[in-house]
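Dear colleague,

Please find the structure below, handed over for your use. My notes on what was found in it follow.

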Amino acid sequence: MASRFRIRVNGRAHTVRAEPDTPLLYVLTNDLELKGPRFGCGLAQCGSCSVLIDGVERRSCVTPIATVENAEITTLEGLTRWFAAKRGLSAVPDLHPVQQAMLDEQAPQCGYCYNGMIIKAAELLEQNGDPSDAEIRAAMNGHLCRCGTYPRIVNAIKRAAQTMRASPEDRE
Ligand code: FES
Ligand code: FES
């Protein structure tokens with residue numbers, strides 16, 4: 001039976017009606033009309049649906065809506081806001097350093113996998129500011145790119161890490 005759930009997405013509270021086991025992905029895309037999380041496999045195998053839940057990357061395609069009621073959910077649309085809050089920046093940047101680096105490295109081809117890749121890379125760089133190639137590959141291992149852009153993804157994450165290390169936190 002459908003129930004009401006209060007969820008918090010990208011800093012805003014929403015009330016939605018859904019079956020308790022409805023995947024969070026469906027609520028984000030169908031009810032809230034967010035385009036960041038994307039349906040790929042629906043089986044937690046590809047990472048295209050990734051979001052941050054309380055700062056941890058999770059696969060929204062297999063996350064029941066009933067399990068995230070009191071969590072802070074961040075989709076690609078809210079990533080810069082999350083980043084600015086986490087780093088104590090005085091202004092929200094237009095792009096997360098990972099997004100800028102993906103552009104600078106001309107990393108995407110079709111781009112379908114990239115929303116999830118960016119979410120995962122952003123999580124990684126909050127945990128490890130100077131990851132090795134092996135650490136990047138290990139972190140990104142569960143994210144599939146059918147276009148095979150993996151070497152450019154690694155280069156972009158290294159570039160983003162460098163940018164983030166060079167940018168002091170801006171606490172005011
Ligand atoms: S759609 Fe969720 S992991 Fe593939
Ligand atoms: S860029 Fe096409 S699936 Fe990754």
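A salt bridge is counted here when a side-chain nitrogen of Lys or Arg is within 4 Å of a carboxyl oxygen of Asp or Glu. On that basis, nine salt bridges are found in the whole structure. One of them joins the side chains of Arg8 and Glu72, at 3.2 Å from N to O. Arg8 belongs to strand β1 (residues 3–9) and Glu72 to strand β5, so this pair ties together parts that are 64 residues apart in sequence. Strands are DSSP runs (E, at least two residues), as helices are (H or I, at least four), and both are numbered from the N terminus.

This is a predicted model, in which local features need pLDDT of at least 70 and side-chain atom pairs count only at pLDDT 80 or more, while totals for chains, interfaces and linings use all residues. Residues are numbered from 1 along each chain as its sequence is written, chains are lettered from A and ligands numbered from 1 in the order in which they are written, and side-chain values use heavy atoms, with hydrogens and water left out.

The protein is divided into domain 1 (3–77) and domain 2 (79–166), with bounds that come from an automatic or database domain assignment. Their centres, taken over C-alpha atoms, are separated by 20 Å. Domain 1 gives 23 residues to the contact and domain 2 gives 15 residues, where contact means heavy atoms within 4.5 Å.

Between them the two domains bury about 1600 Å², with 53% of it on carbon and sulfur atoms. Buried area is the accessible area (1.4 Å probe) that two parts lose on being put together, summed over both. Within domain 1, Arg38, Leu52 and Leu76 lose the most area to domain 2, together 35% of what that side buries.

The count of salt bridges between domain 1 and domain 2 is one. The side chains of Glu57 and Lys120 also meet in a salt bridge, at 3.6 Å from N to O.

Finally, the charged end of Arg38 sits over the ring of Tyr112, 5.1 Å from its centre; this requires NZ of Lys or CZ of Arg within 6 Å of the ring centre and within 35 degrees of the ring normal.

With kind regards
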